[in-house]
Amino acid sequence: MADVQDVAAETERLIALDDDQFLHAVVAYASGGSGRRISREVQTSALSSPGLALRTLDALETGIRQAKSFLPRRDNETKREQAARIAPFRASLQQAKGPFQNVVDDLAHEEAKYLAALDDHAFRQRWTAFVLEDPTGAPIPRRVRALAFRSPRVARRAEAICRLMMEEPARFLTDLPENNRNERERRIAAFRRQVLAEARFLRYAIQYAEARHGRMPGEPNVRLQALRLLGQAHPEELSKLINQVRDGLRAQVKEKRGR
């Protein structure tokens with residue numbers, strides 16, 4: 001078992017590294033060594049700590065994408081030969097992701113339990129802060145909080161708030177300008193786009209949970225939602241269109257009767 005003090009010291013050292021230094025440290029670790037006189041057990045424990053697991057996972061994914069920069073072509077080496085060296089390198093980084101993904105998933109699971117226990121007012125505040133990208137509460141990485149909100153435990157609850165956000169955005173954007181209509185509409189439009197993006201992730205999570213329980217996922221009524229939004233944004237135009245359609249239908253009925 002790794003010594004607690006050694007792990008704490010290594011964790012502190014890693015946290016202090018800038019992004020590029022950390023990336024190279026993680027890639028070296030995943031490739032089998034770091035050049036440091038420290039046990040792999042200590043390294044693993046430090047990189048798996050709650051404060052570093054997500055950063056480690058991100059670094060591994062970056063290393064996979066940027067594999068060519070870590071293994072540049074040698075003199076007289078063909079692209080095929082370089083690709084042959086890169087393949088096992090990427091595979092080692094991909095394999096190393098598993099334990100750190102598990103830590104991130106555990107953190108999201110704990111956050112989801114916390115969110116599920118909140119009352120409606122507190123939950124709505126948390127979800128609104130997340131949509132607005134406003135950091136509140138404990139210093140939890142946004143990616144972990146996103147996974148928590150998209151968990152089957154709370155996804156439906158967040159999706160219900162999304163519908164309210166689309167219908168009454170002013171309830172959630174408390175600092176909207178009163179005397180600048182263009183800016184107000186711009187802010188509302190941007191807010192709705194963000195809500196729609198998050199709502200899609202929630203819908204995927206809900207459908208996945210339903211499928212796991214043997215239920216056929218239901219599709220949201222997109223047309224009805226769009227019609228509702230159109231009525232809120234342009235009530236007069238929508239009313240004219242409805243009357244126009246009604247008049248057209250009445251004319252068709254009269255025409256059929258006259259035949």
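Here are some friendly notes on the helices, salt bridges and aromatic contacts of this predicted model.

1. Ground rules. Residues are numbered from 1 along each chain as its sequence is written, and side-chain values use heavy atoms, leaving out hydrogens and water. Because the model is predicted, local features need pLDDT of at least 70 and side-chain atom pairs count only at pLDDT 80 or more, while totals for chains, interfaces and linings use all residues.

2. Helix 6. Residues 79-116 make up helix 6, with 38 residues; helices here are DSSP runs (H or I, at least four residues), numbered from the N terminus. From first C-alpha to last it reaches 52 Å, close to the 56 Å expected at 1.5 Å a residue (1.5 Å times one less than the number of residues). You will find a kink of about 35° at Gly98, shortly before Pro99; the bend is the angle between axes fitted to the seven residues ending at a residue and the seven starting there.

3. Helix 7. The 12 residues of helix 7 (residues 120-131) should span 16 Å, and the end C-alpha atoms are 16 Å apart, which agrees. Just after the helix, Glu133 has a positive phi of about 55°. Buried residues of helix 7 include Phe123, Arg126, Trp127 and Phe130; buried means under 20% relative accessible area, exposed over 50%, and partly exposed in between (1.4 Å probe, protein chains only).

4. Arg143 is partly exposed, at 33% relative accessible area.

5. A loop contact. Asp175 and Arg187 meet in a salt bridge, 3.0 Å from N to O. Asp175 sits in the loop between helix 9 (155-167) and helix 10 (181-212) and Arg187 in helix 10, so the pair ties together parts that are 12 residues apart in sequence. Asp175 is exposed, at 53% relative accessible area, whereas Arg187 is partly exposed, at 23%.

6. The whole structure holds seven aromatic pairs (rings of Phe, Tyr and Trp, the latter by its six-membered ring, with centres within 6.5 Å; planes under 30 degrees apart are stacked, over 60 edge-to-face, the rest tilted). Among them, Trp127 and Phe149 are edge-to-face, 4.8 Å centre to centre with 70° between the planes. Trp127 and Phe149 are both buried. Phe130 and Phe149 form a tilted pair, at 5.3 Å and 45°. Phe130 lies in helix 7 and Phe149 in helix 8, so this pair ties together parts 19 residues apart in sequence. Ring pairs link Phe123, Trp127, Phe130 and Phe149 into a cluster.

7. Charges over rings. The charged end of Arg142 sits over the ring of Phe130, 3.9 Å from its centre; the criterion is NZ of Lys or CZ of Arg within 6 Å of the ring centre and within 35 degrees of the ring normal. Arg40 is likewise placed over the ring of Tyr29, its charged end 4.1 Å from the centre.

Technical notes:
Helices (H or I, at least four residues) and strands (E, at least two) are DSSP runs, numbered from the N terminus. A salt bridge is a side-chain nitrogen of Lys or Arg within 4 Å of a carboxyl oxygen of Asp or Glu.
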